[in-house]
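Reader: Hi, I have a structure to go through. Can we take it piece by piece?

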Amino acid sequence: MFRINVKWCIGLIAAFALTASPMSIAQGDALFKAKCATCHQVFKDGTGPKLYEVRKKWEAGGAEPEAIFQWVKNWQVAVAKYDYAKSVESWSPSAMSTFPDLTDDQITSIFDWIDSQVEGGDAAGGATAQTTAVEGVEEESNLTWVWVIMAIIFVTIVLAIGGVRRQLKAAAADADGESFDPGMSYGEEFKQWAWKNRKYVGLAGLVIVICVVVTLFLGLYTIGVVEDYQPSQPIAFPHATHAGINGIDCKYCHNSVTKSRSAGLPTVNVCMNCHKQINGRTPEQQEKIAAIYEAAGWNPEGAGKYTGDTKPIVWNKVHVLPDHVYFSHKQHVVVGNVDCKQCHGDMTKMVETAKVQPVEELNKVDGNIKLTKATLTMGWCIECHKEKEVSLGALDTKKDGYYDEIHKRLMNNDKKLYEKYLEDGKVTVSELGGWECAKCHY
Amino acid sequence: MKMKLYSTKIVALSAITVFLLGSCGADKDSPGYEFMPDMYRSPAIEPYVDYGHLKERENMDSKYHISALVPPSGTVPYYGTDSATVMMMLPYSRLANVSFRETHGLYNSNLSMENEYELAAADRNPLTLTAENADAIFKTGKELYNTNCAHCHGEKGNGEGPMVASGAYVGVPDYANLTNLSDGQLFYSIYYGKGSMGAHGPILTKKEIWTLVHYVRKFQNADYGPGMTMTADTTAVEM
């Protein structure tokens, strides 16, 4: 912070040293923000070129002193009148707005303000604060492999020692001139021992069989449970930066969530709405964003332009439901008014790529209905349909919403059942047909 | 000789053990075992599924291709029988400028040589505000705005959304400085993009964009409501 202040001071002193008065610089600041900042930045090319010391650039290019003023007021007139203006016209295909109302003094004050800026001052202050938020994910080492290798080494040593013992015995017998009697093999020795202690061996055998069967059954229960499934992605997308720090709504990128059964992956077009300007501050970020540019066919050099040479990004699907389940995001988000975090957890804190959040994590999120069954299993759906209330008390039969209609039919068909539903003071999804098999399986 | 055979056995045994245990390790990109794999992946086309690999067969023609097909050109979605709505939802008549090919990547669209942004100044908002629908339009507008615009333009429309506050993005205008734009130009800018802003036509319907145009006017004039229209020259005037 201190360093930034010092830089600012140097910048201001430098500005005072130049001819411009502080009054006009302040005016230039306000004018730049109101008129120019939408397209121009001081030190970076954007929709328009960077403007730092642009007057010197024009002078060096041999432009008449009045040419740049004419350009700001109406660039088309300038192009017709001045050769240098004509040469810079092709910098970008986007046409600059015209500002006929600006006076020469105002334009001078804008340029004075721009030239008084110091690179890496104000803007970079925010930049460093941002980069710290995105940190690398700690690599989790796989310990199982170590155990497997150690077990193999152990077994090898035991067998080798046994073998050596045998060989030595044979060699010793050979040396003594006796014929070597290999005696019983290990298998026969074990058989004899087992028969001697058959009571205990039998009991141990029974315990082992029961253990194996129980493990097998527990193993079968984990089939089709995908909690913690986190496939690799072509671009390690940090939700925490986008939805957390930058406050982008889930529904902006996953925009078909209110219109379709699939929440949708954003097209690269949506990425480019921001990333046309944001190209990353750390080399790691730049590498990831370069992958978006490649997909969009965007060449970021100079003003930047689309080449038309696009390439799909092949993401890995995270939440995979079996084909025999019909799930609609639209139904849940629009009609059911379910928040994204009920099923996907708090993505504003998710630094790693997306994963199927285990139910324990989901239960920690404020405002979520607490569930017990594993995420994305049928038990989990059923449980939520039982808990989630459509309304407290009776529904309004005058409205024409989805649930109001179901409710109206229920009231007309079976009044007694309806009164039973209202005993606990709320109407849940399951009471309005959320437990019907054909709701999801058809 | 016998000893050598013995050690070969050990090596073979440990190799098999390593292979068997190794195959237990889960593939990170596979969700794991399923009870009935063909019930998980049926031949019926689903979104976001790569059909280049189906039933253990590789099909290079459809690998890395989007499973959903593009509707035939000229297809118009069905929006009921209300003629006003249908007219509003017909494809946008104004084309993007040829320069949008390079600046906004519109390579597959019909493009115009003319400056249709200027021509769009004549377009009127077909979503007329009345005393009955105004509240509903502003309410929907607010929801749409907070989802699609507020992260840059700010909840108050002053160009200071969380994207700008975090220092990630610069150059978002304050709507208060854009009163010289007509409704049609606002629509054109949202639909095709303007300057740094990208096209939002693909993610919003035309009705939603016109709703947003009404809501943006509310930032420029707190009294904006039924019976008012914004002209290209100054601010809201009574009709």
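This is a predicted model: local features need pLDDT of at least 70, side-chain atom pairs count only at pLDDT 80 or more; totals for chains, interfaces and linings use all residues.

Reader: ok, how many residues of chain B are in contact with chain A?

Author: 51 residues of chain B are in contact with 58 residues of chain A. Contact here means that the C-beta atoms of two residues, placed from the backbone, lie within 7 Å.

Reader: Which helices of chain B supply residues to that side?

Author: α1 (2-24), α2 (37-40), α4 (100-104), α6 (134-148) and α8 (162-165) of chain B each supply at least two residues. The largest share, seven residues, comes from α1(B). Helices (H or I, at least four residues) and strands (E, at least two) are DSSP runs, numbered from the N terminus.

Reader: And how many of the residues on that side are nonpolar, polar or charged?

Author: On the side of chain B that touches chain A, 25 are nonpolar, 19 polar and seven charged. Nonpolar covers Ala, Val, Leu, Ile, Met, Phe, Trp, Tyr, Cys and Pro; charged covers Asp, Glu, Lys and Arg; the others, Gly among them, are polar.

Reader: Switching to helix packing. At what angle do α6(B) and α10(B) pack?

Author: α6(B) and helix α10 (residues 206-220) of chain B pack at about 95°, with their axes 8 Å apart. The axes are lines fitted to C-alpha atoms, for helices over the stretch in contact, and angles run from 0 to 180 degrees between N-to-C directions. α6(B) and α10(B) are therefore roughly perpendicular. The cut-offs are under 35 degrees for roughly parallel, over 145 for roughly antiparallel, 65 to 115 for roughly perpendicular, and oblique for the rest.

Reader: Which residues meet there?

Author: From α6(B), they include B:Ile137, B:Phe138 and B:Leu144. Among those in α10(B) are B:Leu212, B:His214 and B:Tyr215. The residues of this contact divide into six nonpolar, four polar and three charged.

Reader: What about α9(B) and α10(B), what angle there?

Author: Helix α9 (residues 183-192) of chain B packs with α10(B) at about 125°, and their axes are 10 Å apart. That makes α9(B) oblique to α10(B). α9(B) passes α10(B) in a right-handed crossing. A crossing is right-handed if the near helix is turned clockwise from the far one by less than a right angle, and left-handed if anticlockwise. The contact residues include B:Phe187 and B:Ile190 of α9(B) and B:Trp210 and B:Val213 of α10(B). They divide into nine nonpolar, no polar and one charged.

Reader: Now chain A. How many helices and strands?

Author: Chain A has 22 helices and four strands. Of its 442 residues, 20% count as buried. Buried means 20 or more other C-beta atoms within 10 Å of a residue's own, exposed means 12 or fewer, and partly exposed is in between, with C-beta atoms placed from the backbone.

Reader: How many residues of helix α14 of chain A are buried?

Author: Six of the eight residues of α14 (268-275) are buried, so the helix is mostly covered. Among the buried ones are A:Val268, A:Cys271 and A:Met272. The buried residues pack against α13 (250-253), α15 (283-296) and β1 (298-299) of chain A.

Reader: Is A:Leu376 buried or exposed?

Author: A:Leu376 counts as buried, with 23 C-beta neighbours inside 10 Å. Its place is in the loop between α18 (359-364) and α19 (378-387) of chain A. Phi of A:Leu376 is near 70°, a positive value in a residue other than glycine.

Reader: And A:Asp228, buried or exposed?

Author: A:Asp228 is exposed, with 12 other C-beta atoms within 10 Å. A:Asp228 sits in the loop between α11 (198-221) and α12 (239-245) of chain A. Its phi is positive, about 70°, although A:Asp228 is not a glycine.

Reader: Last one. What does B:Pro47 touch?

Author: Not counting residues up to four places away in sequence, B:Pro47 touches A:Ser262, B:Ser67 and B:Ala68. B:Pro47 is partly exposed, with 14 other C-beta atoms within 10 Å.

Terms used. Residues are numbered from 1 along each chain as its sequence is written. Chains are lettered from A and ligands numbered from 1 in the order in which they are written.
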